[in-house]
Amino acid sequence: MALETLLLRVNSAISHSFDAVRHTSSTTAKPSRKSTNVGVLAFEIAGLMSKLLHLWQSLSDKNMIRLHNESINLEGVRKIVSNDDAFLLGLACAELVENIRFLAKSVARISHKCNDANLRSFERLFNDFANSGRDPYNYVIGSKEMEAKNNKKLDRYVNLTAQLYREMDELNSLESSLRKALRSEEYDASLSKEQKVLDLQQKIVWQRQEIKYLKDRSLWNRSFETVTWILARSIFTILARTKVVFASATVHPSDQGTACPFVSNPLVRSTKPLGDFDQESSTVDKDDYSSGNGFFESNSKLLKPPPSTLGAAALALHYANLIIVMEKMIKFPQMVGVDARDDLYTMLPSSIRSALRARLRGVGFSASDPVLAGEWREALGRILGWLSPLAHNMIKWQSERSFEQQNMVPKTNVMLLQTLFFANKDKTEAAITELLVGLNYICRFEREMTAKALFECNNSINGLINLQSSSDN
């Protein structure tokens with residue numbers, strides 16, 4: 001009996017001990033944070049997704065061939081930017097990588113709202129992948145999967161979120177119309193007003209149901225974890241693709257006919273085709289960054305314009321506007337008045353003014369030779385043929401970059417190397433001076449021809465008047 005009592009007491013003590021442990025663990029355990037939806041940030045995230053889609057499309061085989069065979073072979077690029085394929089392709093790669101870096105910063109900001117520790121570490125993981133190629137969580141996916149699944153998902157989310165934005169804007173308009181109708185000074189018992197209010201209220205109910213449906217299908221009701229995972233896989237894969245397509249981009253197309261080797265050639269150490277991305281296919285030697293600069297920092301340095309360029313002198317945009325103004329004047333020289341010429345002259349920097357004065361020194365005041373005027377027109381047309389595209393590209397590049405923050409779907413297809421940003425300053429100013437000298441001649445020629453025509457017309461009228469007077473007498 002004493003033994004049974006002892007066993008009961010031991011059993012009771014052990015049970016109380018386990019209960020105390022369970023109670024302690026339950027009270028000290030931290031509740032996991034509930035995953036939150038992105039909500040209104042859906043519109044910003046949709047913008048990021050559309051830019052990622054645009055970046056992926058710019059890395060397609062078709063666009064890479066166009067870059068190699070057309071973009072870097074523009075006559076203007078060859079004349080005043082560079083004639084070195086490796087340098088030009090390096091600029092193209094550096095600009096794409098810089099765009100990836102900016103988008104990665106936005107993805108990192110979103111990732112900080114995740115509960116998952118690995119997703120919150122996106123920025124560190126992405127930089128490590130850029131520098132060493134390590135991808136411990138397998139964010140990089142194959143090209144086929146990117147096209148077939150990931151990009152379709154991105155495109156669907158972008159379209160649904162854009163539709164949600166439009167429907168929410170329509171709801172605001174309907175609610176505003178309802179408030180105006182309720183404040184109307186019409187007689188309260190007016191059937192027309194009552195019916196209008198009822199119609200608006202019904203439309204608002206339907207509109208809210210449509211918005212609720214779109215919120216469920218779009219990014220609005222997706223968690224930060226889901227969104228960050230999609231963005232991370234996309235941008236990791238885009239960076240891997242960039243490294244692959246530019247790995248042997250310095251090969252000149254003439255080496256293999258019309259083919260473009262860098263589109264299909266893998267990295268040196270890789271034995272897999274372009275569409276397959278893995279840790280090996282995007283690995284970079286650590287010695288490449290032994291100086292302390294990472295992959296992104298090294299690429300950013302390539303975008304710093306040399307001292308001899310318009311970009312370094314902060315004149316690229318100004319010269320683009322100047323060239324476009326001259327282009328219009330050359331096209332319609334008879335429309336160029338004194339005020340227009342004065343405005344053009346005020347746009348010229350001191351270096352071009354000095355060169356222009358030197359060229360015009362000793363030039364006669366007469367410009368009546370139609371043959372010389374025709375030769376000048378042809379010469380100006382040839383110069384504008386290669387210089388004007390770079391000027392227009394400069395304006396387009398700048399305007400699209402300025403508007404990009406408000407634009408959900410970026411449309412930028414112009415690369416910096418196709419603009420005046422990296423153009424040699426002396427060569428560009430020499431071409432502009434030549435345009436000014438030719439413009440000066442054809443404008444004077446047009447004025448003299450116009451004055452001569454008016455003089456002859458006036459003489460003809462006076463002759464007719466005199467003839468009429470003589471016949472009357």
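Two residues are in contact when heavy atoms of theirs lie within 4.5 Å. In this predicted model, Glu167 is in contact with Gln207, Glu210, Ile211 and Leu214, leaving aside its neighbours within four places in sequence.

Glu167 belongs to helix H8, which covers residues 143-182. The residue is buried but has no salt bridge. Arg166 is the nearest side chain of opposite charge, and it is 5.9 Å away. A salt bridge needs a side-chain nitrogen of Lys or Arg within 4 Å of a carboxyl oxygen of Asp or Glu, so Arg166 does not qualify as a partner of Glu167. What Glu167 does have is a side-chain polar contact with the side chain of Gln207, at 2.5 Å.

Most residues other than glycine have a negative phi. Asn138, in the loop between helix H7 (122-132) and H8, has a positive phi near 55 degrees. Asn138 is exposed, with a relative accessible area of 56%. Ala314 also has a positive phi, about 60 degrees, and sits in the loop between helix H12 (295-302) and helix H13 (316-331). The relative accessibility of Ala314 is 65%, so it counts as exposed.

The average pLDDT is 80, and 73% of the residues score at least 70. Where pLDDT is low, the predicted coordinates should not be read in detail.

How values were computed: Residues numbered from 1 in each chain as written. Heavy atoms only, no water. Helix = DSSP H or I, 4+ residues; strand = E, 2+ residues; numbered from the N terminus. Buried < 20%, exposed > 50% of the residue type's maximum accessible area, 1.4 Å probe, protein only. Lys, Arg positive; Asp, Glu negative; His and termini not counted. Polar contact = N/O pair within 3.5 Å; in protein donor to acceptor, adjacent residues only side chain to side chain. pLDDT = per-residue confidence, 0-100.
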